[in-house]
Amino acid sequence: MQAFTLTQPSNIQSAVAAASEPQTKYIAGGTDLLQLAKDDIETPRQLVDLEPLPMSGIHAGPNGLRLEALARMSDVAAHPAVVHGWPVLSQALLASASPQIRNMATVGGNLLQRTRCGYFRDTGFACNKRVPGSGCPAINGENRMHAILGVSDHCIATNPGDMAVAMMVLDAELELIGRNGTRKVAIGDFHRLPADTPHIETILRPGELITGIAIPASAAARRSGYLKVRDRASFEFAVVSAAVALDMDGGTIRSARVAAGGVGTKPWRLPEVEAALTGKPARAATLQEAAGRAGEGAKTTAMNAFKLVLLRRAVLRALQTVAA
Amino acid sequence: MAMIGQPLDRIDGRAKVTGAAKYAAEFRVPNAVHAVLVQSTIAAGSITGFDLKEASDMPGVLAIITPNNAGKLTHPENVPQAVAGPLLQNKDILFNGQHVALVVAETLEQAQSAASAVRLTYTRGEAATSMDAMLGQAYPPKHFRNGARPPDTSRGNADESFATGAVKMDATYVTPIEHHNPMEPHATIAAWDGDRVTVWTATQGISGVQSTLAGQFGIDKANVRAICPYVGAGFGSKGNTWPPATLAALAARTVRRPVKLVLSRSQMYTSNGYRPRTVQKLKIAAAADGALLSMRHDGFSSMSRPSLGEFAEPVALATEMLYACPNVAVTHRLVALNAALPTYMRAPGEASGVYALESAMDEMAVALKMDPIAFRLKNYAETDPHENKPFASKALRACYEQGARAFGWEKRSAEPRSMRDGNILIGWGFATSTYPTNRMPSAVKIRMEKDARVVLQCGTQDIGTGTYTVMTQVAADTLGIPMHHIRFELGDSNMPPGPVSGGSMTVASVSPSVQAACRALLDKIKDRAVAQPGWGGQSRDGLQLRDGQVVGIGQQISLATLLEHGPIEAEAKTQPGDEKKEFSMHAFGAQFAEVRVDPDLGEIRVSRYVGAFDGGNILNAKTARSQLIGGITYGIGMALHEETLVDQETGRIVNTNVAEYLMPVNADVPDIQTIIVPNDDKNSNPLGVKGIGELPMVGVAAAIANAVYHATGVRVRKVPIRIEDVL
Ligand SMILES: Cc1cc2nc3c(=O)[nH]c(=O)nc-3n(C[C@H](O)[C@H](O)[C@H](O)COP(=O)(O)OP(=O)(O)OC[C@H]3O[C@@H](n4cnc5c(N)ncnc54)[C@H](O)[C@@H]3O)c2cc1C
Ligand code: SF4
């Protein structure tokens, strides 16, 4: 770990101002950043502590949900309105990390957690994401947990988060503030594909702060669920996960939202599956056929080829559960 | 009431949960500074130079020790232990993650920061990183079992008789590299005073630390003091004295200040051994009635470059003795790689070996269409078939019976995929467990203070297993005084020596000396009594100690009065006798696992578990159960979770943290039923114990793998079994 200074801003404006210094990072719960800093993966010279900012509210109303960026994962997961109105979100959060980590970690930090790729997290290896141009040893290495969708010749690292996958089926919108003011961006546009710049992971500009996440209320959000498949029963990142939200009219699917985790270089929406469900009766054969389309364009390795099979089965199981 | 056998709480429990128990890194040594290791990022080659400019200019830095300036250690031949390096004595790089420098600074943060600023240049050599690619160059170990026996043995003719079998199997099983990952990292504080050094170090063997450091620094053993009152688990990783302990002492000598060196979790993956990867080839043949005709077990285990030492995983020892089979051949081979030196890990040999053996036995039972337990009973060894000796004791049959009854084994339908709960496949699997009973010499000092309280001392360790507690129980029963009047002290090499806490032998080795020391003390108390005026006619042997009184015929005197003349001290040493020549000494057990497998998603969970064990006499039913459920949990990890991943291109480990090196969490562990089959093995040692630290994990992985086969019909011949193996 390198020495750094800690700045404790008194309001959002001074936080953003402090973050205009080079080599600055915000720190929220610190559950990811501190580990990365200890291992010299992140080497900030200044940390701007978000903890003092009054930015941890959870506001639920008839039209939607607004999570302030410092809301704790555990608080959001347990909030009765979330459990009832956005079950996929609560389930995804409860399937994430451990209770101890969820008590510390914030929803803003969660969106920016970095990949678990073991090559990335060890300075003893080359890695295009950490040192652009140094190479990607994972492509021919230990890549069982790596992505099969959105991969490039430069990086195949999985986006490890669960919450963002749930947000992909909820039309979540992030609220950002930077030196030049505020803007909003859809969750689906927030993360970037690695292409030939895997070190640039989101559209966030230097010093820009996430202030909140807005999630509309809907029938589909109420009828939603999250399935996470993993090697051990708890406290593990997804091998594959599936988020589903269905708007049903009796036995017919009016519209469907389906996304997957553990398989993409970013939280991955599955429009091919959604299209095959829209307007169809929620019969076993329909679900089966639709789930079978998941993973269009997948590019697998010998170690992670099973993920494509597993993805389809996980999507099917999630569809069956939510449609039932 | 006798204390031995009671389910007593551990007496150090309160100190541990309140933080009062001091672990090696927690001792406050005045003026201490901090050392941080720098490790290589290539697997083979040599160091051509260091660029220390930036690092040495950083605040607080006191020294950067490299092979260029490190103090010389004496020749490793003076050192009793098996770890020859890396000790910064030369510039060769033999594995990725090897220690190449040590940064010493005033604070931990300064040392860490400077350590990451150390730059070095290498010439790269050719690294061997793939065991499978090197299998053809396997070689026999030179010091197998420290020379106690050859690596290859046979009886009858395994190869010829194999051909005559009605039913046969021939398969290869693979187990991965596993790391111990004890909660407490390796830590040493070293402080010199002239040519005397004191080390507070996390170890399973303070005597080994003492003799290793004495040898390496060329000083007298009496000038090394090793202190370790508590160990935050070791599982074998703290059995040897690994280079970081030596390097802490070397650094302390260099900067002339006490030095503390604590490894990071990540550094522990290349600093203190691991369970080597094994490739095991099994060939078994039986007659149509299930009688075994031939067994062949060829074991290969991965190794470091030979110059670092030697460790061979003794995978096939159980195959020699577990079943009555006339023709058996076993071999052990090493495959040298550019990797760190492997070492003992909980149930070394048996954990990996019995996994393969008991998986193979399950395959045979399936092929023979026999119940797996009936097949074992058909080949039950009444005496040790390899050594041709009676077992000191063996209650394995009772383990099978009691375990099967508790599990409900008779309700099992033999066909794979025949048991379900809705969509979920249910599998029931079984395996035998065994582990040798070991014992080493030990010595104990005892002293009764003037207030009639007793202190015992032995330079043994409590690695979390309950040594403090059970030794106090043994002393209480032998002396006939309450436990709270007794204090058992350990973990200081100034005390009489005890053996390394490994091989499940602490209780078997130390408790006889505790008992003997207590008896010697009682004799001295009685001697003092008969020396009292008016006691002339009494014989010592006729006296009794009761409620604080020494009682003779028509006479009694209180201990308090006797102790007015001063405290009473005694000492005892005990050692194994000829029992090993006469008997084959082993513990046994039966492992039963139920798994639930989601046939679509491939998730495998252990849903029920029963283990029945013959561990000899059980001194404390509660600490014993803790060992049993801990061992079974360790086995669940071996079956389904644990695996160290090595990048084949660079020989560097990819998952050096406990987020990506999976081990079971609570949600993976069902309610475990443990059964202790009563036995008292006085043929093996005076307390009749067998050792239960390693036994409970042996066979667990096989029982689970066999259950996965029963659930899914898929025979997976490697661990950990993953989702994709059963999809
Ligand atoms: C062992 C382990 C297991 C885990 N398992 C899972 C899992 O199964 N599923 C899962 O989804 N996650 C998992 N996680 C990740 C965990 O959810 C994240 O570490 C956590 O959500 C990060 O939140 P934080 O508040 O601690 O962020 P920090 O660590 O404080 O920050 C993370 C990053 O976000 C930036 N940041 C934080 N807040 C803001 C903001 N408001 N605006 C702009 N930038 C910001 C920081 O600068 C930093 O770069 C696991 C983590 C660990 C350590
Ligand atoms: S997959 Fe991406 S993060 Fe992993 S090593 Fe390759 S470039 Fe780095």
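Contact here means heavy atoms within 4.5 Å. The model is predicted. In chain B, helix 16 (residues 621–640) lies across strand 27, strand 28 (604–614) and strand 29. Helix 16 of chain B runs at about 130 degrees to strand 29 of chain B.

**Domains**
- Chain A is assigned domain 1 (1–51) and domain 2 (220–323).
- The centres of domain 1 and domain 2 of chain A, taken over C-alpha atoms, are separated by 36 Å.
- Chain B is divided into domain 1 (24–126 + 183–232 + 238–271), domain 2 (135–177 + 274–438 + 581–726) and domain 3 (440–575).
- For domain 1 and domain 2 of chain B, the separation of centres over C-alpha atoms is 36 Å.
- At the contact between these two domains of chain B, 20 residues of domain 1 meet 22 residues of domain 2.

**The five-stranded sheet of chain B**
- Five strands of chain B form an open sheet, ordered 18-19-27-28-29, with mixed pairing.
- Strand 18 (420–421) and strand 29 (672–676) of chain B are the edge strands, each pairing on one side only.
- Strands of a sheet pair through backbone hydrogen bonds, either parallel or antiparallel.
- Strand 19 (residues 424–436) and strand 27 (residues 586–597) of chain B run antiparallel, joined by twelve bridges.
- B:T434 has B:F588, in strand 27 of chain B, as its bridge partner.
- Helix 17 (residues 700–712) of chain B also packs on the sheet.
- Helix 17 of chain B touches strand 19, strand 27 and strand 28 of chain B.
- The direction of helix 17 of chain B makes about 155 degrees with that of strand 19 of chain B.

- Strand 24 (residues 549–552) and strand 25 (residues 555–558) of chain B run antiparallel, with four bridges between them.
- B:G552 stands opposite B:Q555, which belongs to strand 25 of chain B.

**Helix 9 of chain B**
- Helix 9 (residues 350–368) of chain B has 19 residues.
- From first C-alpha to last, helix 9 of chain B reaches 25 Å, close to the 27 Å expected at 1.5 Å a residue.
- Helix 9 of chain B is largely enclosed by the rest of the structure, because 17 of its 19 residues are buried.
- B:K369 follows helix 9 of chain B and has a positive phi, near 55 degrees.

**B:Q515 in helix 13 of chain B**
- B:Q515 lies in helix 13 (residues 506–530) of chain B.
- B:Q515 counts as buried because its relative accessibility is 13%, and the cut-off for buried is under 20%.
- Leaving out residues up to four places away in sequence, B:Q515 touches B:V474, B:T478, B:P686 and B:L687.

**Cysteines**
- A disulfide is a covalent bond between the sulfur atoms of two cysteines.
- Over all chains, the structure holds zero disulfides.
- The cysteine sulfur closest to that of B:C458 is in B:C518, 12 Å away, so it is too far for a bond; the cut-off for a disulfide is within 2.5 Å.
- B:C458 counts as buried, at 0% relative accessibility.
- B:C399 is also at 0% relative accessibility and therefore counts as buried.

Note on methods:
Residues are numbered from 1 along each chain as its sequence is written. Chains are lettered from A and ligands numbered from 1 in the order in which they are written. This is a predicted model: local features need pLDDT of at least 70, side-chain atom pairs count only at pLDDT 80 or more; totals for chains, interfaces and linings use all residues. Side-chain values use heavy atoms; hydrogens and water are left out. Buried means under 20% relative accessible area, exposed over 50%, partly exposed in between (1.4 Å probe, protein chains only). Domain bounds come from an automatic or database domain assignment. Two strands pair if DSSP finds at least two bridges between them. Helices (H or I, at least four residues) and strands (E, at least two) are DSSP runs, numbered from the N terminus. Axes are lines fitted to C-alpha atoms, for helices over the stretch in contact, and angles run from 0 to 180 degrees between N-to-C directions. The expected span of a helix is 1.5 Å times one less than its number of residues.
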